[in-house]
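Hi there,

I'm passing this structure on to you, as promised. Have a look at it first, and then read on for my notes.

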Amino acid sequence: MKKPKWVVEKEQAQKARGDETVWLFGLHAVRDALVNPHRKKLRLIVTLNAQTKLADAIAEAGIEPELTDPRNFSAPLDPGSVHQGAALEVKPLSWGSLSEVCIGAVAPRVVLLDRVTDPHNVGAILRSAEVLGASAVIGTRHHSAPETGALAKSASGALERQPYLRVRNLADTIIELQKMGYFVLGLDGEAEHTIEESLEGRSDHAVALVLGAEGPGLRAKTKDTVDQLVRIRAAGGFGSLNVSNAAALALYASRG
């Protein structure tokens, strides 16, 4: 019996994800990936200077590095990548399901990203999420920044430790979190209430914070799905925040 078209497409997509690899670059990102036991490492290309600086991490990973000339760095990176003489080919990390990541912590915090595509912003958000104790950062499979070398470098190692999930549908994920007991807040500069006002008396609840891309903000469907729209308390009615700064402030404010 011939498989339906949607089944074939799903199987092809799963195979493509299984074959996918990522090139990480930069001393910090490569070091943290080398010492991450959950990261499958395939190929390490380094200059002699970088090999010396990463010697302990290389030994811990048990990988044989390939030496390259710093004037003709041989890893397949985008021109302009600040690789610092080190590049590591890896498999993307698998953090498990939403329930595996988002259930268990006391008063957990989760960050959801609605069409935030800039890898530098997502990397910075991962750093803030790790520092401020978020259970996960969640984007979508489409219209969000995938796991790349640029994202890993911006995350400054946090990508190896901070769960970063990419889901098929953001609204469905919000509903799933609500069923798990999360109070879901959407960040909107025009909202009536601040984060602190909305969470008064609820600081011990599970809270999810949804942030949209700079400019367009949250999509209408997202606004309709969250429990409440909130804003960050500001000193005046002017200016706006970069989405990574907004994520850090929102996480901090949600802790009460």
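Below is what turned up, starting with a pair of helices. Please keep in mind that this is a predicted model.

Helix H6 covers residues 119–131 and helix H11 covers residues 243–254; their axes come within 8 Å and cross at roughly 15°. Angles under 35 degrees count as roughly parallel, so H6 and H11 are roughly parallel to each other. Their crossing is right-handed. On the H6 side, the contact involves Asn-121, Ala-124, Ile-125, Ser-128 and Ala-129, which meet Val-243, Ser-244, Ala-247, Ala-248 and Leu-251 of H11. By type, the residues of this contact comprise seven nonpolar and three polar, with no charged ones.

Next, the rings. Aromatic pairs number zero in the structure.

Finally, a glycine in a loop. Gly-217 lies between strand S10 (207–212) and helix H10 (220–225). Leaving aside residues up to four places away in sequence, Gly-217 touches Arg-115 and Gly-212. As for Asn-121, one of the H6 residues in the helix contact, 96 residues separate it from Gly-217 in sequence, and the C-alpha to C-alpha distance is 14 Å.

Happy to talk any of this through.

Best wishes

Notes. Residues are numbered from 1 along each chain as its sequence is written. This is a predicted model: local features need pLDDT of at least 70, side-chain atom pairs count only at pLDDT 80 or more; totals for chains, interfaces and linings use all residues. Side-chain values use heavy atoms; hydrogens and water are left out. Axes are lines fitted to C-alpha atoms, for helices over the stretch in contact, and angles run from 0 to 180 degrees between N-to-C directions. Helices (H or I, at least four residues) and strands (E, at least two) are DSSP runs, numbered from the N terminus. Angles under 35 degrees count as roughly parallel, over 145 as roughly antiparallel, 65 to 115 as roughly perpendicular and the rest as oblique. A crossing is left-handed if the near helix is turned anticlockwise from the far one by less than a right angle, and right-handed if clockwise. Contact means heavy atoms within 4.5 Å. Ala, Val, Leu, Ile, Met, Phe, Trp, Tyr, Cys and Pro count as nonpolar, Asp, Glu, Lys and Arg as charged, and the others, Gly among them, as polar. Rings of Phe, Tyr and Trp (its six-membered ring) pair if their centres lie within 6.5 Å; planes under 30 degrees apart count as stacked, over 60 as edge-to-face and the rest as tilted.
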